[in-house]
Amino acid sequence: MPFRNRLLYFFRTLWLLAVFWIEYGSFKYSLWGCSWPDEGFHVGASDIAHVLLISDPQVPFNLTSRPRWKDSLRGWLYRHVLQKNWMFASQSRPDVIVFLGDMLANGFMVQDDAQYTAYYEQFRDIFRFDKYTEVYYAPGNKDVGLHIDPGVARVAREHHVEHFGPVNGWVTIKKHTFAILDAPGIVEEDYLRSQEGIEYDNWPAKNHGAVEFIRAIAAGGGADHFPTILFTHIPLHRPESASCGPLRERGSIHRGVGPGYQNTLGKKTTEYILTAIRPGLVFSGDDRDYCEYVHQLYPADNPIKVKEVTVKSFSPVKYIRYPGFHLLSIADPLVVPPKSPTLADRPCLLPDYYGAYPSRYFPLFMITLIVVFYHQYRLHRKGHRLTLPSFSESSHHPHEIWPPVDGDIVDNIPSNISDAPHRTRIRISLRSQKSPAIRSPQLATFAEGETPTLRASLRSSPPLDGSFLPSASPGQSFYPPSPSLPRLHESLMSPGGDSPQIDNVPESPFNSLFSRSPPASAPESWWKWTWSNTFVFRGRRRRVTITLPAVWRLLPFSRPWYAVAQNRRKRGYLLVDVVTSLFYIFWPSLLLWGIFTWWTLL
């Protein structure tokens with residue numbers, strides 16, 4: 001197999017493997033050990049509920065009527081990553097799905113009802129689940145806003161309640177209470193309480209607010225009967241030096257506040273929540289990175305030790321390489337053996353699919369382009385080197401004969417001449433070694449020992465003029481438009497090697513080269529746009545040939561087209577060959593990528 005074919009096959013196979021790995025294999029590899037943590041329950045499958053936790057999907061939405069193409073492309077890629085992540089995460093087939101806030105990247109900014117409905121439909125188009133799956137949503141600061149105008153916040157909360165459900169609520173699953181807290185709401189109440197200088201026990205809670213919700217659970221909403229699991233978008237307070245465990249990619253969670261966000265709940269708010277609810281497990285989001293921390297409180301009656309898991313962001317983010325989600329298994333406490341755990345959780349990491357385009361696809365594309373272009377460039381340089389005809393007597397074509405010319409001129413010319421390259425134009429002039437000024441064939445007598453010479457050139461020249469050739473039969477012409485160099489047939493030579501016999505020239509395909517009309521095998525572009533005229537000037541016969549590209553060259557608007565036409569012969573279709581090679585390499589991988597993309601949209 002030629003090296004060129006091996007190179008194309010290599011890159012085609014490399015791209016197929018790359019697309020298969022990035023679009024499918026990397027997800028399967030990352031989620032290889034991601035399964036429901038049911039090993040320690042020792043109960044039947046019907047007594048276990050599987051809960052899938054998703055944090056910070058932040059589905060984008062174009063608020064402008066005419067976004068820039070870069071923003072549109074970035075938005076499409078972002079949504080495609082979410083669809084890809086969700087396709088593999090949903091293959092775990094959960095019974096319950098809990099979103100830990102920030103479902104929409106610009107939820108509180110959309111005030112129009114129709115626009116918000118379209119935004120919600122985009123979210124549902126990405127996160128598809130059947131009607132039998134229970135889904136719950138904890139509000140985030142990007143959903144309902146935080147420290148924003150009261151009028152905007154009121155509309156944002158109305159939209160959230162209408163499409164996602166109540167901002168505060170609880171539900172019982174397998175004898176466990178799921179408490180979903182309005183974290184932005186309790187932050188705003190905490191600011192009001194701090195300004196008044198009132199403790200939580202004496203604070204007059206807002207109607208349907210977060211503090212009222214906590215008091216309802218503490219008063220008998222399930223906390224005294226079943227284990228409680230708290231879901232909040234904003235993480236609870238912890239010391240600045242607290243570690244987040246080995247699965248965190250960078251730093252730890254620090255206190256911080258700014259326009260529209262707050263990194264953690266306040267210290268007194270955290271103590272009030274843990275003391276009132278006494279949850280068995282806490283799940284939070286907002287930080288975008290994974291964090292596992294154990295809260296320890298020591299009230300007078302009973303110490304509190306609660307584990308909190310901050311779930312990784314489901315959407316791509318600049319400073320976090322690997323997104324993820326969380327699996328939670330819940331067993332019925334009435335079925336499991338005494339003193340056995342009823343909760344088990346496991347984090348799952350997704351591959352860096354969003355970064356695969358700039359860090360994997362693009363470098364591989366540039367390497368492929370450079371190698372293919374360099375290889376084609378070398379091939380074209382080798383293919384366009386001028387190769388002079390070979391004068392080997394062992395190779396000749398009996399069907400190609402030298403045009404009949406005067407015997408005194410062609411005397412002592414070798415008997416056969418090999419073909420010139422197919423696309424190389426050969427100009428032949430017969431010159432005496434002592435008379436270099438003679439540029440065209442003329443009837444002249446050479447002295448003994450003088451030998452005519454052959455000169456090859458890439459430049460085209462007018463054909464031999466008929467006046468300097470011997471007379472031909474009626475209807476025969478001596479204007480060869482063929483670019484190839486014919487051979488001298490041995491049958492024209494006399495037995496003694498003297499002058500060729502031009503009488504009774506045998507019929508040959510080469511005779512058609514001497515007619516004004518082009519041969520049937522010649523490309524149409526050689527003659528269709530060519531005009532020629534022969535005339536006599538200063539005693540010599542001249543010929544002028546004008547081609548259409550030469551005329552169009554004078555037109556300024558057709559300059560690029562003429563440049564392409566001229567460079568075809570010079571470059572030998574280099575760019576065309578490069579593009580063709582790239583298409584040969586990429587079309588199977590593009591087809592495979594399209595299949596995976598179509599599969600994602602199902």
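**Notes on a predicted model**

1. Trp-170 stands opposite Ala-179, a residue of strand β5.

2. Strands β4 (residues 169–173) and β5 (residues 176–180) run antiparallel, and five bridges join them. Together they make a hairpin with two residues between the strands. Have a look at Lys-174 in the turn: its phi is positive, about 50 degrees.

3. Now for the inside. The largest nonpolar core counts 54 residues, and the ones with the most contacts inside it are Phe-99, Phe-123, Phe-127, Phe-314 and Phe-325. A separate core lies apart from it, with 25 residues; Ala-179 is among them, as are Ala-210, Leu-274 and Val-282.

4. Leaving out residues up to four places away in sequence, Phe-325 touches a list of residues including Leu-31, Leu-52, Ile-54, Val-311, Phe-314, Pro-347 and Leu-350.

5. His-237 sits in the loop between β6 (228–231) and β7 (257–258). Is His-237 buried or exposed? It counts as buried because its relative accessibility is 16%, and the cut-off for buried is under 20%. Beyond residues up to four places away in sequence, His-237 touches Arg-255, Thr-264, Leu-265, Gly-266, Lys-267, Thr-270 and His-295.

6. Last, the surface. Phe-583, Trp-587, Leu-591, Ile-595, Trp-598, Trp-599 and Leu-602 make a nonpolar patch of about 810 Å². One of these, Leu-591, has its place in helix α13 (residues 574–601).

Methods
Residues numbered from 1 in each chain as written. Predicted model: local features only at pLDDT ≥ 70, side-chain atom pairs only at ≥ 80, totals over all residues. Heavy atoms only, no water. Patch = residues over 30% accessible without salt bridge, like charges linked within 9 Å, V, L, I, M, F, W, Y side chains within 5 Å. Areas by Shrake-Rupley, 256 points an atom, 1.4 Å probe, with all protein chains shown as cover. Salt bridge = Lys/Arg side-chain N within 4 Å of Asp/Glu carboxyl O. Helix = DSSP H or I, 4+ residues; strand = E, 2+ residues; numbered from the N terminus. Core = buried A, V, L, I, M, F, W, Y, C linked by side-chain atoms within 4.5 Å. Buried < 20%, exposed > 50% of the residue type's maximum accessible area, 1.4 Å probe, protein only. Contact = heavy atoms within 4.5 Å. Pairing = 2+ DSSP bridges.
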